[in-house]
Amino acid sequence: MAPLLEIRDLHASVGDTPILKGINLTINAGEIHAIMGPNGSGKSTMSYVLAGREGYEVTGGDILMNGVSMLEMEADERARAGMFLAFQYPVELPGVGGMSFLRAAVNARRIEAGEDEVDQLEFVKLVRAKATHLGINDDMLKRAVNVGFSGGEKKRYEILQMALLEPVLSVLDETDSGLDVDALKIVSDGVNLLRDPQRSMLVITHYQRLLNHIVPDYVHILAGGKIRRSGGKELAFEVEESGYAGIDDAA
Amino acid sequence: MPASTMQPNLDQLAGLTGVRAGALLRWQATGWPDRRAEQWRFTRLSRVEKMDLRPAEMAAKQPAAVAASLPDNAVILSFSNGVLDMAGLAALPGGVTASLLSDNDAALAALAELVPAAHPISNLSLAAMTTGLHLDIAGTVEVPIILVFTGDDNGVSAHPVISVRLAHGASAVMAEWHQSSVGLSAPLMGIVVGDKGRLDYAKVQQESSASAHLAATGLKLGEGSVFEGFQISAGGQLARLETHIVLSGENADCTLSAIYLGRDKQHHDITTNMNHAKGHCLSNQIIRGVLDDSARGVFQGKVHVAPDAQKTDGQQMSRALLLSRKAEADAKPELEIYADDVLCAHGATVGELDDTQLFYLTSRGIDRKTARSMLITAFLDDAIDSITHPALADMLRPVSTAWMNATPNAGDL
Ligand SMILES: Nc1ncnc2c1ncn2[C@@H]1O[C@H](COP(=O)(O)OP(=O)(O)OP(=O)(O)O)[C@@H](O)[C@H]1O
Ligand SMILES: [Mg+2]
């Protein structure tokens, strides 16, 4: 069976600047992989390339989900195929009501799957239930998407979306940054609830701490647009101890 | 240009008297707006000048039905080719008295005072008036009065002239709905809201794609009165909605917001002239424009504060959203302030949809077209949310929704 995600020798540029310089990564169903790496090493760029953001041009290699190349798919098609990106910097949408946004997202997936659109009342109940678990109150749900949310609240809201969309592959870009200790626990619990033999996750973080909560199967170090080292979760401790000094990114 | 070849052909107007005769003389002296006139710098009328037109003399044989979200309980006055169907007057609610301006030169003169005497199209419409209707309103009239303008003859120009006068303390809800296919639709409106009166007002311009719409509205607000107005310009090939407002008594409160929605080669012009003649008045204008294809949008907004109009609060904000590289928006906000103790602000921006916002939405599985319309709706809601009268809001919202849904190729930006 094809792996859930296979990244083959991926090269990508932003504008004319090459950022990703040959990434190879295979994630099997059910696995959690963590990516660490210095600032500017290309972690967010990789997450955008996976999600299909315009302007992030793949100049070589391939991205396959369940054996099918995603390169020709637009961002919305990838999302409906089960890809989810929790943004490092979630985007404010003034004037776009949170509830109608969440409903549009969930309905887009349901329509793709040939299911009926969600019942409005049941949806509100469902959102409330999941939101309560994540410490998101009704007032936040009523506001425009991310408008007036604190940094930590935005991160929780990303996980709420993830919980509602039940993605096959979740890419979490520094979801732990900006979270207080309690929120980190709440958000991690939310993520762990979605752990499932059929789903996989790619967790980008700077801190080993997160990986105590969301325990990864593999840890990779990205530097200079390439994965320089891979290992088990002990690699995260090594990074925490000695930084990235020992990682060779000259290549 | 000699009067004989100038359009519309006004030969049928021989023998005018009174106010209309004066207006005809002024029109014949000036003709279409001078190309050098600053007020017409962004809106050239050459497309209209070339139309072969004569003022309409009769209603369409089969007045068109308007498929619109008009309030259920509304009283509708139907104009076809600019000619009023008198039968509608019978249904006017209590408190509203109708008469004809053709029989009342004094009311016509009062109306003419509400717009600048040098305004060419007002003069044309006064002279070529297809119907002149005067409504006197007293007391509280809750039933919305909707003026519906249809028309089927693209060889005619329609010049409905309507004056509305709210007595002291009177209140009413009114709307204009323009959806005709006449060559030129040039309504002239004059509205006076008496002291402590209130008028909730909406205007929808949805003319056919070959029509030109050149509207002039004069508005005078008395002491402590409230005017809450909203305009949508979405139809026509060329449209100018020009409003002259005088806040003539203290503590008057005027909201006049507008949105324009353009596609193809449409040209929309929203021009306002907000005149704070007395102090302690409030004026607020929220303007939003969305332009696709090669459409062009213009907002000219002048706020004038007279020397003794202290404690004036005059706000104006215009924002345009371009959906295509060929679309163009111009804004000319002007503040002319002669009093020293005022709070006035204006601003104008032109922008595009935000890539990051679009990516955020599409990354959640929402298709691009839906994502764009969610962002455009949010942009317009800023203005539409300012309408507080529920029936008028319900009438206006579907207009922008329909426009959005009709976008075949939602721009290249
Ligand atoms: N739009 C852009 N144009 C040019 N260069 C860009 C652009 N976006 C990102 N870069 C560059 O690409 C490199 C990788 O950026 P990226 O955001 O992927 O890093 P990161 O690993 O996520 O860093 P951090 O840990 O700080 O979040 C950086 O050098 C950045 O300056
Ligand atoms: Mg990053």
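How many bridges join strand β1 of chain A to β2(A)? Strand β1 (residues 5-14) of chain A and β2(A) run antiparallel and are joined by 8 bridges. Two strands count as paired if DSSP finds at least two bridges between them; strands (E, at least two residues) are DSSP runs, numbered from the N terminus. The model is predicted, and its local features need pLDDT of at least 70, side-chain atom pairs count only at pLDDT 80 or more, and totals for chains, interfaces and linings use all residues. Residues are numbered from 1 along each chain as its sequence is written, chains are lettered from A and ligands numbered from 1 in the order in which they are written, and side-chain values use heavy atoms, with hydrogens and water left out.

**Sheet in chain A**
- An open sheet of 4 strands has the order β2-β1-β4-β5 in chain A, with antiparallel pairing.
- β2 (17-27) and β5 (68-69) of chain A are at the edges with a single partner strand each, so one side of each has no neighbour in the sheet.
- His11(A) has Lys21(A) in β2(A) as its bridge partner.

**Strand β15 of chain B**
- β15(B) runs parallel to strand β13 (residues 212-221) of chain B, joined by 10 bridges.
- β15(B) also pairs in the parallel sense with strand β17 (residues 267-276) of chain B, over 10 bridges.
- Glu242(B) in β15(B) is the bridge partner of Ala216(B), and Glu242(B) also stands opposite Thr271(B) in β17(B).
- In β15(B), 9 of the 10 residues are buried (under 20% relative accessible area, 1.4 Å probe, protein chains only).

- Glu250(B) lies in the loop between β15 (238-247) and β16 (253-262) of chain B.
- Glu250(B) counts as partly exposed because its relative accessibility is 37%, between the 20% limit for buried and the 50% limit for exposed.
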